[in-house]
There are 2 protein chains.
Amino acid sequence: MPPHTPDFKNRLAAHAAAVEQALAALLDDATRPGELARPARLMEAMRYAVLGGGKRLRPVLVLESAALCGGNPDAAMRVACAVEMLHCYSLAHDDLPAMDNDDLRRGRPTLHRVFDDAMAILAGDALLTYAFDVLADEATHADPRLRAELVLGLARSSGLGGMAGGQALDLEAEGRYDKGQRQSLNVAETRRLQAMKTGALIAFSAEAGAIVADASPDQRKALRAYGHAIGAAFQIADDILDVEADAATLGKATGKDQARGKSTLVEFLGLDAAKAERDRLVQEAKTALASFGDKAATLSVAADFVAARQS
Amino acid sequence: MPPHTPDFKNRLAAHAAAVEQALAALLDDATRPGELARPARLMEAMRYAVLGGGKRLRPVLVLESAALCGGNPDAAMRVACAVEMLHCYSLAHDDLPAMDNDDLRRGRPTLHRVFDDAMAILAGDALLTYAFDVLADEATHADPRLRAELVLGLARSSGLGGMAGGQALDLEAEGRYDKGQRQSLNVAETRRLQAMKTGALIAFSAEAGAIVADASPDQRKALRAYGHAIGAAFQIADDILDVEADAATLGKATGKDQARGKSTLVEFLGLDAAKAERDRLVQEAKTALASFGDKAATLSVAADFVAARQS
């Protein structure tokens, strides 16, 4: 089943629709126990940041990994939503004028362009916080050990030693804190930055499905290895896309990495070698799934999908 | 033991010093398991946001509540640090030009003035995330049920239905999203806003000590009631201070509430009635502690301390 087959596309579309619905339900206006109110504008901003599109790659990884390990689909959906809220908070903050200053995201004006910087900061903060609320809630899983593991995994993959740390390294490399002098990262530093900024959360997404399914340590390790490989493949595909695609296809500005002087593996390796590494990583991801046999077919195709991304 | 006695002041100073040391240890440069790196500038910014002062009210509440319920002091210290990191992230984001635009905090330049807006946003994000990391970590408590409860309590008190939601209501009231037209909050709305913005996290701080000590439901309820009362008293004391104090005493600008047209209880009730309400809340806090007897003397004095604050 290659990534362009109707079967796979239908499955992705079904996941995306279900995730959209579940996110909308979590972010409705009805106050939950322990909440004093749900402020109207804040909820609007949070919904704008989260709803209405995106590939939903991370939720799909959670849902498919959980299904592979026999996890409860409702529990997996809550975890998928938490991971997506985390991802969307990071987009809202990264798009801010003080950060990457992007006006367009998924073909729509970015959150701070629709509201303002203050509400974009605040909605991001609230999404980040709500992700942990959702994971720690009994509704996600009866076993608190698994809930605590999910919280820890999400915090580690998205915090100072993961995604936020990767973004900080990116800002440093732009020379913001060295009198405008850009830092030249070497290839190892570039790989580490990318592993933190995008790889860690993708790897956790694949592992999170195994956690919520209370899978064996071996299964969990295999899905984490799979996630690491496709996380790295995803980033290379993104760098290739930034060079090759046009803004109309992508729904956001292109060529920005180069304009900002950001180091990418495409720049270090050249386009052909970068594509070869991407393909090698896809194979590595598939190899990690070997012990699951045919049941892992969807995740296997998802690896191809990540590498073949056009947007 | 009134709040100005040497005994109480020494106890506060000892707590503050111990919290400072524990925060510094959590925020050192040594990479922990699950972290790919600790970026130097980010860690500097996080330390700047967290270290070097503050009353440490929330950590003190955690530590004293835990001690009262027989909790492990090391576990309580980790929880105290998580709550303080959460509080300091909120200060860093609230001080941003896009939010309250403050240049001075605790008598020092605010985080974004020392670094820049991007690093202040990011360091705040990382502190928020790290708070959950610390709580979910086995090092905090062997029982995952308590860790999950701590995570849930922190998320609820600081998220969309708590602190972040309160800040959103504050921005709305300023009229930012209604063509500059300030909203007139009534007294009930003002109370709710303040209960969310500052009260919820203070109430959780007192309860968190009981959670980490695995205290009885009655004890937990009592400490939560105590926390609610002093949270409300704290806010009124803050409003009174904004009217009465001068900037030199406070270490930050004064009279800003009025300049911004923010609704406060002082404005609704007048200064004398506000002071009477503050004193009534202190009594309510002390009454909540009754079942603990003399053992709760320090928390009882802490209620006076909160009401008598000069900075």
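Tutor: Let's start with a definition: two residues are in contact if their C-beta atoms, placed from the backbone, lie within 7 Å. Keep in mind too that this is a predicted model.

Student: Which residues of α4(B) do Ala18, Val19, Ala22, Leu23 and Leu26 of α1(B) meet?

Tutor: Those five names belong to the α1(B) side of a helix pair in chain B. By class, this contact has eight nonpolar residues, no polar ones and one charged one. On the α4(B) side, the partners are B:Met77, B:Ala80, B:Cys81 and B:Glu84.

Student: Are α1(B) and α4(B) roughly parallel or roughly perpendicular?

Tutor: Helix α1 covers residues 6-26 of chain B and helix α4 covers residues 73-94, with their axes 10 Å apart. They pack at an angle of about 80°. Angles from 65 to 115 degrees count as roughly perpendicular. That angle therefore makes α1(B), relative to α4(B), roughly perpendicular.

Student: What is the handedness of the crossing of α9(B) and α10(B)?

Tutor: Helix α9 (residues 187-212) and helix α10 (residues 217-244) of chain B have axes that come within 7 Å and cross at roughly 145°. Their contact divides into 12 nonpolar, 10 polar and three charged residues. The crossing of α9(B) and α10(B) is right-handed.

Student: What is the radius of gyration of chain A, and how does it compare with that of a compact globule?

Tutor: The secondary structure of chain A comes to 15 helices and two strands. Along its principal axes, the C-alpha trace of chain A spans about 50 × 50 × 35 Å. For 311 residues, a compact globule would have a radius of gyration near 19 Å. Chain A agrees with that, at 19 Å.

Student: Which helix gives the largest share of the side of chain A that touches chain B?

Tutor: In all, 56 residues of chain A are in contact with 56 residues of chain B. The elements of chain A that give two or more residues to this side are α2, α6, α7, α8 and α9. By class, the side has 31 nonpolar, 10 polar and 15 charged residues. The largest share, 13 residues, comes from α6(A).

Student: What kind of axis relates chain A to chain B?

Tutor: A rotation of 180° with 0.0 Å of shift along its axis superposes chain A on chain B, with an RMSD of 0.0 Å. That is the relation of a two-fold axis.

Student: Why can we say that the copies meet through the same surface?

Tutor: Look at which interface residues of chain A are also interface residues in chain B. The copies meet through the same surface because that share is 100%.

Conventions: Residues are numbered from 1 along each chain as its sequence is written. Chains are lettered from A and ligands numbered from 1 in the order in which they are written. This is a predicted model: local features need pLDDT of at least 70, side-chain atom pairs count only at pLDDT 80 or more; totals for chains, interfaces and linings use all residues. Copies are superposed by least squares on the C-alpha atoms of residues with pLDDT of at least 70 in both. Axes are lines fitted to C-alpha atoms, for helices over the stretch in contact, and angles run from 0 to 180 degrees between N-to-C directions. Helices (H or I, at least four residues) and strands (E, at least two) are DSSP runs, numbered from the N terminus. Angles under 35 degrees count as roughly parallel, over 145 as roughly antiparallel, 65 to 115 as roughly perpendicular and the rest as oblique. Ala, Val, Leu, Ile, Met, Phe, Trp, Tyr, Cys and Pro count as nonpolar, Asp, Glu, Lys and Arg as charged, and the others, Gly among them, as polar. A crossing is left-handed if the near helix is turned anticlockwise from the far one by less than a right angle, and right-handed if clockwise. The radius of gyration is taken over C-alpha atoms; the globule rule is 2.2 Å times the number of residues to the power 0.38.
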